[in-house]
Amino acid sequence: MQILIYILKRILQSIPLLIIVSIISFFIIRLSPVDPLAELRLNPSVSQETLEKETQRLGLDKPIIVQYGKWAKSFIKGDLGITSNGEQVSAKLKERIPNTLLLTIIVIALTWIVGIPLGVAAALNWKTPFDRILTVLTSVGMAIPSFFFAVLLLIFAVKTGWFPIGGLTSSNFLEMTFLQQVWDITHHLILPVTVLFTLSLAGLQRQMRANLLDVLDSDYVKFARAKGLSEFDVVYKHALRNAINPMITLLGFEFAGLLSGAALTEYVFQYPGLGRLILEAVLKSDINLVMASLMMGAIMLILGNLIADILLIITDPRIRVKA
Amino acid sequence: MKRAGYVILVLILLVICVKSCLHADYPQTVKPALQPHSITEDINYPEPQKNVTIDGVDYLQSQAPVGKFGGTLVASTIGEGPKTFNPFNSKDNISSQLSEIMYDGLLSTNAVTGEPIPRLAKDFTVEGDTYLIHLRKGIKWSDGKPITADDVVFTWQNIILDGFGNTSIRDSIVIDGKLPTVRKIDDYTVEFKTPQPFAPFIRMLSSPIAPKHVFEPAVKKGKAYFDTFLSTNIDPQTLVTSGAFKLKEYVPAQRVVFERNPDYYIINTKDEKLPYLNKLVYLIVGDINNEVLKFEGGELDVIGLQGANVARFKELEKHSDFKIYNLGPNTGTMFASFNLNNRKDKNGKFNVDLKKQCWFQDKNFRQAVDYAIDRKNMVMNIANGLAAPLFTAESLNSIFLNKDLKPYDRDLEKSKELLKKSGYYWDKKGHLRDKYGNHVEFDLYTNAGNTEREAIGVMVKQDLEDLGMKVNFKPIEFNSLVNKLVNTLDWDMVIMGLTGSPLEPNGGKNVWMSNGTLHMFNQRPANYTKDDRYEWEKRIDYLYTQGALATDFEGRKKFYDEYQAIAYDEKPFVYIYSPLIISAIRTRFKNVYPTPLGGMTYNIEEIYESEVKSET
C-alpha cells in the first residue's frame, strides 16, 4: 500500500516537469528561424495558393501560444497529431520503436551480462595482471568516440565484405526461411551492437569494480571475514548485495536511453530506428514529430527513475524504513 | 618490466585491428579535367519503340536487343523514403519517382530527342487547342480490369481538374483563370481541349492515370480523405497499377521492393512481355557517404556520383565491374543575382540604397561584373572540374537552349572599359568609385551551410575585388535568406541556384514573368498593380506569354531564343555553372542507354542482367 502511494506521488510530481519540458521545447522549435516551407518557397513551380494552403494546414498562420495550446490539448487526449507530410505521428513512431528497442535491449542485456561479472572479477583480482589488462582494454573502449568507431567498422565491412553495410534486413528478406531471417538480422546487428557494447561495457565494468572494491574495504566485510565466513559467502552474500545498489540507479538511466541512446550509431549504420526519423524531423522542423519524441524521452527518463527507485526499495531494506 | 609487457600486448592488438581495416587503396593519380562533352555521345541508341497489334492487343515493341529474363537491379534513394503511394499526392521527389514506376502516363518523353511519345496512349494528334488521344486496346491494370477512356476522363476530370491531392499540375495549366476540358469520345478515345492554344499542356499528359474503380470511392469521400489515401502503410497487394513494376514490399527506412508486372504492354522483338528484371529494389539510405559505401560494397548496382568521389571511382573503374557515364550538365543553375528593385517598402524607405540602385540598374555595371567572374576557375576548383560554365537562362541540356549565345572567358580589360563608359573611376588606392565619388561596396549573400555556394561566394568576392569593388560576403541561414529574397527584399547581391525543366521553359514563368512569385531580381509585392517594368522586362513578359501560346516547336523556340538573348545581354542573373550528372552502373546490366534527359534507368523495362547472380 505504502509503495502504491509513493508511486502515485511520484507520478503527480512529474506532471509539472512534463509541462515545463513541453513548453520549453515547443517554443525553442517555433522561435528558431527554421521555416518548414522555405524549400517550397524557392521552388519555381509552386504557386502562391499552394503556399497559403500549406501555411494554413500546418497552422503556421496562428500565434505560437495558440499553436501550443492546440498541440497540448490533443496530446493530453493521446493524439500525437500528424507529420508535415500528413502521416500519423503515432504510426511513424510505431514503425521504428521495435527496431530501436531490439538494438538497445540486446546491447543493454549484453553489457550487463558481461560487464557485471567482469567488474566483480576485476575487483576480486585487484592489482593482478588480469585486472590490469581489463583496465587497459576498457580504457580503449572508452577512448574511441562512438561516431568514428562506427564509421571505422563500416569501412571495415566494405573492405572485407564480411558484414552488410548498414540496414537491418537484406533485400530478399521476404523469401527467406525463418532461420535464415534470424541469421540475416543477427548478421546486420553485429556491427552496431559491437559499437554500442564496447562503449557502455567500459563504463559499467569500471563502476562495478569500484563499487565492489569500496564495499570489500568496509568494516562489516572485515567483520564477516573475521567471523570465519567462507570467502564465497562474504563476497556474494554480503559485499555484492551492497555494491549493486548504485548500479540499480544506473539501470534507471539506461532505461531512459532505450529509445534515444543509440541515435548516432543508428544514423551511421542506416539503422531503421528512431534516430534517423527524429534527426530528419528536427532538420525539417516537423513540430509534431519532434515534440512527440522529446516528450517520449522525458517520460522514459521519469519512468526509468521511478523503476530504479522501486527496485531500490525492494533490494535495500534501509530505504524501505525511511519511506 | 611487467608494465612494458602489457603495453606491447595492447599495441599488438591495436595493430591487428588496424591492419584488417586497411586494404590497398588505388592511388588517386588522375587530376580531374574539364569534361564538357558527354561521353554518352558514342552510344548507339536503339530505334524508338513501335506499336504492334497481336490478337487485338496494342502492344508497344522495344527495339533494343533481346535480353535474358530474371535478375534484380538495386538502386537507391537518399532521404527518408516515400511519403505516399498515391501518385496524385506526392510532393517530394522520391514519392514521385516511385509512383512513376508504378503508374504510366498517357505519354512519355523520348529520352534522346525530348519529343513527347505515346505510352498508355497508342497515338495522339494535336491541332491548336485540341488533343485527340487514342488508347491501346486490350491492356490491363494489375488486377486484370481493362484500361479505358473512363479511367483517363476520371483521372483528369475528377482528380486533377477538381483539385484533389497535389495541385501543381492543375496550377500549371490554368490559362487566364480557365481550365482545359476533357471528354470521352468512345471507350478508347479521349479529347482534351485547352481554353486557348497552350503548348506546355502536352507535357502534362505524361501525368499518371489512375484506375477509376479504385480511386472513385476515395474521391467521393472528399479531399481530406484523399490526402491520406494510399499512404505508405497500405498493404502492397492492394495497389492497382499500370507500370512495368508493381509494389511488392515497403520496409520503412530500409527499402522499397518492386516486382515485375507479368502482364505489361511492352514486348521485345521476339514478342515476349517485358520487363526483363524480376525485381527492382530501391534502398533508402540516409546520406551520400553511406550510398557510396554501399555501392563499393556491392549492395548497390547503380549510383549517382559527386565531387571527389568521381575521380576516385574513375580510378577504381579499371579494376571493377562498373562503368561510369557522364550524362552532361543537369538542369541545375548556379548564379549570382543583383537586386534591381527601385521601390520603397511599407515604411517609405527604399528596399535598396539609392546609390546602390544606380550601380545595379546600370547594364554596364552588371556586364562588367559578368566579365570579371572567372567561371573556369570555379568549375575547376569548386566543382572538381565536374561542371560546365553557364551563360544562358535555359539549362545546357534544355531542348530550347539558344545555341547562338556563346560562352566567353574572363576579361578584366573589358570589364574596366564598361565601367569607365558609365563614369566609374579608380582612386589612388585602386578603389572603384562611381561618378558621384561613392566607393562601390555592397553585400553578397548566400545560404550558410551550403559549402558549394559559400565557395563560389568567396571566389566571386575575390574576382570583383580585382575590379576595386568592396564585397562583404555574408552567408546567412537559409530561411533568413529566403525571407530576404521573397519578403523584405533588402539585399544587394545573392548567390543562389534553381532547377528548371529541360523540356519546358514555361516552368520558369514564376522566375521570369514580372509578376512571378520568384522574380527575385525585381520582386514585386503580392497584388502590386503599378506598371514600373523595365523595357526588357516587358519584352520578356510578352515572349513568355507568346511562347506558351504557340504550338509548334520551331515557333515556340523563336520566342524562347529571344528571351534567352535578352537575359544574356541584360544580366539580371550572372550565371556561373551547371553541375554534370555522373552515374555508374554495374557492367553486368545490358541495354543501358543513358541520356542527359532520361538519366540512367528511364528504359527500366529493357534493361536486363546478363549474368544473374544466384540469390543468396
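Reader: How much of chain A counts as buried?
Author: Of its 323 residues, 30% count as buried; that label needs 20 or more other C-beta atoms within 10 Å of a residue's own, while 12 or fewer is exposed and in between is partly exposed, with C-beta atoms placed from the backbone. This is a predicted model, where local features need pLDDT of at least 70 and side-chain atom pairs count only at pLDDT 80 or more, though totals for chains, interfaces and linings use all residues. Residues are numbered from 1 along each chain as its sequence is written, and chains are lettered from A and ligands numbered from 1 in the order in which they are written.

Reader: Ok, and how many helices and strands does chain A have?
Author: Chain A has 15 helices and zero strands. Those are DSSP runs numbered from the N terminus, helices being H or I with at least four residues and strands E with at least two.

Reader: What does the C-alpha trace of chain A span?
Author: About 85 × 55 × 40 Å along its principal axes. Among chain A contacts between residues at least 6 apart in sequence, 73% join residues at least 24 apart; a contact means C-beta atoms, placed from the backbone, that lie within 7 Å.

Reader: Pick a helix. How far does H4(A) reach?
Author: H4(A), residues 64–76, has 13 residues and reaches 18 Å from its first C-alpha to its last, close to the 18 Å expected at 1.5 Å a residue. The expected span is 1.5 Å times one less than the number of residues. Just after H4(A) comes Gly78(A), with a positive phi of about 90°.

Reader: And Lys222(A), is that exposed or buried?
Author: Exposed, because there are 12 other C-beta atoms within 10 Å. Lys222(A) is part of helix H9 of chain A, residues 219–226. Its C-alpha is separated by 9.0 Å from that of Val234(A), twelve residues apart along the chain.

Reader: Now chain B. What domains does it get?
Author: The assignment gives domain 1 (2–78 + 232–330 + 580–609), domain 2 (93–226) and domain 3 (333–579); such bounds come from an automatic or database domain assignment. The C-alpha centres of domains 1 and 3 of chain B lie 37 Å apart, and their contact takes 16 residues from domain 1 and twelve residues from domain 3.

Reader: What's on the domain 1 side of that contact?
Author: Helix H9 (308–317), strand E15 (322–329) and strand E23 (573–586) of chain B are the elements that give two or more residues. H9(B) has the largest share, three residues. That side divides into twelve nonpolar, four polar and no charged residues.

Reader: Where does E15(B) pair?
Author: With E23(B), antiparallel, through six bridges; strands pair if DSSP finds at least two bridges between them. Asn326(B) stands opposite Ile582(B) in E23(B). E15(B) is also mostly covered, with six of its eight residues buried.

Reader: What about the E6-E7-E9-E8 sheet in chain B?
Author: That one is an open sheet of four strands with antiparallel pairing. E6 (121–127) and E8 (181–186) stand at the edges with a single partner strand each, so one side of each has no neighbour in the sheet. E6(B) is joined to E7(B), residues 130–135, by six bridges, and Ala121(B) stands opposite Leu135(B).

Reader: Which helix lies across E7, E8 and E9 of chain B?
Author: H3(B), residues 149–161, running at about 170° to E8(B). Axes are lines fitted to C-alpha atoms, for helices over the stretch in contact, and angles run from 0 to 180 degrees between N-to-C directions.

Notes
Two residues are in contact if their C-beta atoms, placed from the backbone, lie within 7 Å. Ala, Val, Leu, Ile, Met, Phe, Trp, Tyr, Cys and Pro count as nonpolar, Asp, Glu, Lys and Arg as charged, and the others, Gly among them, as polar.
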